[in-house]
Amino acid sequence: MAVDTAQTSAAERPAKLHGRAFYESIGKPKYVVAPMVDQSEFAWRMLTRSFLSPTEQSSLLAYSPMLHARLYSEEEKYRKGHFQPVNPDTSKPWLDGNPSLDRPLFVQFCANDPKHLLSAAKQVAPYCDAVDLNLGCPQGIARKGHYGAFLQEDRTLIYDLINTLHKELPIPVTAKIRILDTKEETLAHAKNVLDAGASILTVHGRRREMKGHLTGLADWAMIRFLRDNLPPETVIFANGNILQHGDLEKILEATGADAVMSGEGNLSDPAIFAKPPPEGQEGREYWRGKDGKGGWRVDAVCRRYINILYEHAVGSAPPERKPLFILGDDTAWIAESEKTEDEPAAKKRKVTGKKQDQGPNMSSVQPHLFHLLRHFISVHTDVRELLAKTRAGDLEAYEKILLVVERKVAEGMLEYERTDGASVVVPPREGEDLPPDVSSAGTMARCRRPWWVVQPIIRPLPSEAMKKGAISMKKKDKAKAAAPGIIEQAKREEEERTDDIKARDEAVAG
């Protein structure tokens, strides 16, 4: 990293602020792109911001992917492969944290050593607005490495990590936590983080064991409890259960949080923070069905994403393409495109550079496209096979996949019109009329769109996964998995909730 650039940025930085004063200084963002391992990189943040108007972009805060503090502090190769704030050829601001493109930005680290964390944080401080400590990662690698949510029993270490940055770093420190088993434990955990010096507290309303098939519903009531029992000046971000744009205001109202953070919802729909266009103004990127429900087209979102890669990661103009298809356009190109796709494949291109040398933006393309196209490729398995064969940095291959996607979207839209919408009708599923903490069927029906529209991935509830045999739980975990969801919890008094959980525990212990 260029030392002179860092010194200039630091010199121009205003006096260090804390808490709500800091939050207000960065524009009081209402929406937040979550830190996701190898998934919230610069190009993805730019894609998310692209759906907001220039006046709305100040309402969006983004986090970097989670970075490993020890590796970042010690290994130059790791730094170059994960964070690119300065152009190596010009020593000028480039991608991550670029003041004209990528702010406000928080950089997140996982850590278990204050010295490593401080060393890493100092190196990114000139290029971001705050450094965040990950106290929420529930994955096995976090258990093995002793970081993330597996630090939550070590309150002293958590305090030292945050307090070291609070005292030594020129920018604020923030933290992201998960809830614990009880309100009292969660409140004590949050207070420790804030007492150590965290300016902002992000709360994911799930416990550490709630992951994979055990994910279940986030507990918004617990976040509301923190809002009501922490000092009123505390800045809180709420995270969990954000599937569609309409969920943003719901969680803010339910929790009283200052902002809402979205992770998986944003991966499925990077336009989740943007208001849908008014009826009749859909243009070529947004589709609205006969029932009034709509969403951003997968071909439009993929095209935007690839264009950003060309413009910023590669530094060249994207190839010229025909406008995205809408009803009323000429359809002759569809048959021509299909013939071209059926031609024998050209000799495999050699992609320059190893995967780890492509940088975070190129190495993340394939998993991002798999996520965006999850519902699309469940219908068009040939595209799934094409995508599986791609390599990091091979934009030519992604461009060809984009052409196939655009053709299939056009065909899908034409078939929808030809059948008066019958081509995408799905028969009602059992349980659609039940509350979301009892059955996921209703949530699936609410979020379902045609396969050419970006839409969330709905996990079955733990009880449903167990019924299907996807998981087999230990006795000690059964009561937690059976805990009520957000709707029932919001209605119950704490005493009733405690008694209910206790009764189930006794029944399981049986």
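How many bridges join strand 3 (residues 67-68) to strand 4? Two bridges link them, and the strands run parallel. The model is predicted: local features require pLDDT of at least 70, side-chain atom pairs count only at pLDDT 80 or more, and totals for chains, interfaces and linings use all residues. Residues are numbered from 1 along each chain as its sequence is written, and side-chain values use heavy atoms, with hydrogens and water left out.

Helices (H or I, at least four residues) and strands (E, at least two) are DSSP runs, numbered from the N terminus. Two strands pair if DSSP finds at least two bridges between them. Phe 106 is partnered by Ala 130 in strand 5. Between strands 4 and 5 the chain passes through helix 6 (residues 114-124), in a right-handed β-α-β crossover. Right-handed means that, with the strands pointing away from the viewer, the path from the first strand over the helix to the second runs clockwise.

Strand 4 (residues 105-110) is mostly covered, with six of its six residues buried (under 20% relative accessible area, 1.4 Å probe, protein chains only). In a regular strand the side chains alternate between the two faces of the sheet. Leu 105, Val 107 and Phe 109 are buried on one side of strand 4, and Phe 106, Gln 108 and Cys 110 on the other.

The largest nonpolar core holds 122 residues. Such a core is a set of buried Ala, Val, Leu, Ile, Met, Phe, Trp, Tyr and Cys residues joined through side-chain atoms within 4.5 Å. Among the members that touch the most others are Phe 109, Val 131 and Phe 237. Helix 19 (residues 395-418) supplies the largest share of this core, nine residues. Another core, of six residues, lies apart from it and includes Cys 137 and Tyr 147. Beyond four places in sequence, the contacts (heavy atoms within 4.5 Å) of Val 131 include Val 107, Phe 109 and Leu 165.

In helix 11 (residues 246-255), the buried residues are Asp 247, Leu 248, Ile 251, Leu 252 and Thr 255. Seen down the helix axis, they fall within an arc of 135°, so they line one face of helix 11. The arc is taken from the directions from the helix axis to the C-beta atoms. These buried residues pack against elements including helix 10 (220-229) and strand 8 (235-239).

Notes: Buried means under 20% relative accessible area, exposed over 50%, partly exposed in between (1.4 Å probe, protein chains only).
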